[in-house]
Amino acid sequence: MMKRMMSNKKKICAILAVFIGVAVGCKAPSLAPSEQVDLPDTFVGDTDTLTLASVSWKDFFPDPYLIAYIDTALAGNHSLQKAMEQIAMAQSQLKASKSAFFPELELGIGGGVQRFGEYTMDGVGNRTTNTPDLPADQHIPDPYGNFDLGLNFQWEIDIWGKLTDRKRADAMRWMQSVEAHRLVRTLLIAEVATQYYTLVGLDQKEEILKDAIAKTEEDCELTDELMKEGEVSRLSADQFHSRRLQLEEMLLDTKQQISEAEQAFALLLGKLSMEVERSDFETVSASHFPVEAGIPAQLLRNRPDIRVAELELLAAKADLSAARKAFFPSLVIGGSGGFNAFNLQKWFMAPASLVYDMAAGITAPIFKRREIQSLWEISQSRQKTALLDYHYTVLQSYQEVVNLVTASEQMSKRKVLKQEESLIHRRSISNANELFKTGFAGYLEVLSADERYLNCELERIEMNVAYCRLHAMLYRAVGGGCF
């Protein structure tokens with residue numbers, strides 16, 4: 001009769017636990033719907049049919065020196081190595097989440113001796129337990145020894161998929177770390193290219209200033225001779241000398257910029273000071289870069305920062321699903337087994353010293369609901385934040401590529417115009433010098449022609465360098481190509 005009542009009580013408790021779990025689960029919030037970003041079919045015009053995603057950086061950048069330096073940077077840059085460690089940490093977290101599907105096992109071994117007082121409940125109880133009908137080896141000794149060896153386990157059954165959602169979130173964040181490494185790699189390639197083109201431009205600026213100084217020294221010598229002959233005044237000679245000093249100061253400043261740029265370039269490569277070999281300016285200026293950006297939808301597959309935002313959105317959704325399932329009851333199975341005895345000689349005697357227990361329980365949150373509700377609300381906000389970040393990253397990326405593609409087209413046209421302007425100024429210098437020697441032009445015309453030509457050349461250098469840097473930025477903007 002008692003056994004039947006106990007069995008009925010267990011059934012009632014089980015039914016009650018399931019009822020509570022279902023009732024709580026029915027009130028759990030529902031997940032928010034996902035959203036997508038709609039982009040145009042092309043970036044600029046109707047000719048964007050190819051994509052840089054299929055172009056390796058070794059094919060994109062035509063300079064052999066630059067290719068070698070990028071290879072060195074990819075092997076030695078400290079930021080890239082740090083990103084690799086981030087991947088390792090995320091991978092370890094993913095392994096930890098996968099292990100949640102398996103039971104927790106603990107091996108324990110212990111031993112001890114205890115003596116109970118003769119005027120205590122335990123002491124009196126032990127003596128009365130040692131009755132004559134018990135075998136002598138089963139009498140409880142005094143002092144009492146206890147030796148234990150066993151395995152304990154606990155296993156939460158993933159009924160609702162809560163552990164699966166957590167594993168999925170960790171998997172998304174591991175993939176995030178991989179994409180973050182790819183993003184660092186893309187940024188590094190673009191930065192190495194940018195610094196390299198800057199150095200090439202500074203080299204050309206140094207050569208232009210040296211030529212201008214040599215030309216101004218010739219003018220100084222000429223005006224000194226003309227001044228001695230009384231054909232020009234001291235003012236004319238001083239103006240040319242002042243011009244030479246100004247150019248020499250600009251040359252010193254350019255050399256300082258070259259030194260600092262070389263130091264920064266070496267740091268990108270993970271090295272100390274080094275001699276940076278590079279191509280000449282005209283060769284770099286004649287470089288041709290692919291400008292087909294591809295259709296905008298391909299950005300979702302190629303740009304690392306968009307992939308990072310997308311994976312964070314997926315991870316936030318998985319976190320939200322896991323938070324929702326925290327409202328449901330949990331089924332946990334546990335138990336232990338091993339050997340236990342108060343006599344060391346009987347410790348491993350089977351089955352006499354063998355002990356075990358097994359239990360299962362269902363728990364449903366009732367009074368912890370506010371805590372779970374707060375976690376659910378936080379997960380909701382994180383998902384919305386991730387969605388907004390994802391939308392903003394996609395739209396910003398699209399706008400960035402549009403601007404760079406447009407700038408590339410306009411910069412190509414400007415380079416041609418600036419080249420023609422430079423040829424005109426070069427001709428003006430030659431004419432001004434001839435007229436000055438024959439007395440048909442004053443020193444101001446010569447100085448003005450020299451200054452206009454120098455400014456035009458410096459602008460041409462900056463424009464050609466900016467054109468190369470712009471394509472390094474475009475390579476980064478469309479996702480970095482394939483590696």
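Residues are numbered from 1 along each chain as its sequence is written, and side-chain values use heavy atoms, with hydrogens and water left out. As the model is predicted, local features need pLDDT of at least 70 and side-chain atom pairs count only at pLDDT 80 or more, while totals for chains, interfaces and linings use all residues.

## Nonpolar cores

Let's begin inside. A nonpolar core here is a set of buried Ala, Val, Leu, Ile, Met, Phe, Trp, Tyr and Cys residues joined through side-chain atoms within 4.5 Å. Buried means under 20% relative accessible area, exposed means over 50%, and partly exposed lies in between (1.4 Å probe, protein chains only). Helices (H or I, at least four residues) and strands (E, at least two) are DSSP runs, numbered from the N terminus.

The largest nonpolar core holds 52 residues, and those with the most contacts inside it are W57, F61, L66, I70, V192, Y197 and F265. At least two residues of this core come from each of α2 (57–60), α3 (64–76), α6, α7 (234–268), α8 (281–285), α11 (369–438) and α12 (443–477). Helix α6 gives the largest share, 13 residues. There is also a second, separate core of 12 residues, with C220, F436, V446 and L447 among them.

## Salt bridges

A salt bridge is counted when a side-chain nitrogen of Lys or Arg is within 4 Å of a carboxyl oxygen of Asp or Glu. By this rule there are 14 salt bridges.

| Pair | N to O distance |
|---|---|
| D238 and R234 | 3.8 Å |
| R244 and E248 | 3.9 Å |
| E262 and R278 | 3.1 Å |

D238 and R234 both sit in helix α7, four residues apart, or about one turn of the helix. D238 counts as partly exposed because its relative accessible area is 36%, and R234 is also partly exposed, at 49% relative accessibility.

R244 and E248 are separated by about one helical turn because they are four residues apart in helix α7. R244 is partly exposed, with a relative accessible area of 23%, and E248 is partly exposed at 28%.

How many residues apart are E262 and R278? They are 16 residues apart, and the pair links distant parts of the chain: E262 is in helix α7, whereas R278 is in the loop between α7 and α8. E262 is partly exposed, with 22% relative accessibility, while R278 counts as buried at 17%. Salt bridges that share partners also bring D203 together with E262 and R278 in one network.

Patches are made of residues with over 30% relative accessible area and no salt bridge; like charges are joined within 9 Å, and nonpolar side chains (Val, Leu, Ile, Met, Phe, Trp, Tyr) within 5 Å. Lys and Arg count as positive and Asp and Glu as negative, with His and the chain ends not counted. The place of a charge is taken as NZ of Lys, CZ of Arg, CG of Asp or CD of Glu. Accessible areas come from the Shrake-Rupley method with a 1.4 Å probe, and for residues only the protein chains shown count as cover.

E217, E218, E221, E225, E229 and E231 form a negative surface patch. One of these residues, E218, lies in helix α6 (residues 162–228). Is E218 buried or exposed? E218 is exposed, because its relative accessible area is 51%.

## Contacts across the sequence

Some residue pairs come from separate stretches of the chain, and their C-alpha distances are worth a look.

In helix α11 we find Y398, which is buried at a relative accessible area of 17%. K418 and C456 are 38 residues apart in sequence, and their C-alpha atoms are 7.5 Å apart in space.

Strand β3 (residues 330–341) is the place of I333, which is partly exposed with a relative accessible area of 25%. From C-alpha to C-alpha, I333 and A359 are 5.9 Å apart, and in sequence they are 26 residues apart. G335 lies in strand β3 as well and counts as buried, at 9% relative accessibility. Which residue is 184 residues from G335 in sequence and 8.4 Å away in space, C-alpha to C-alpha? That residue is L151.
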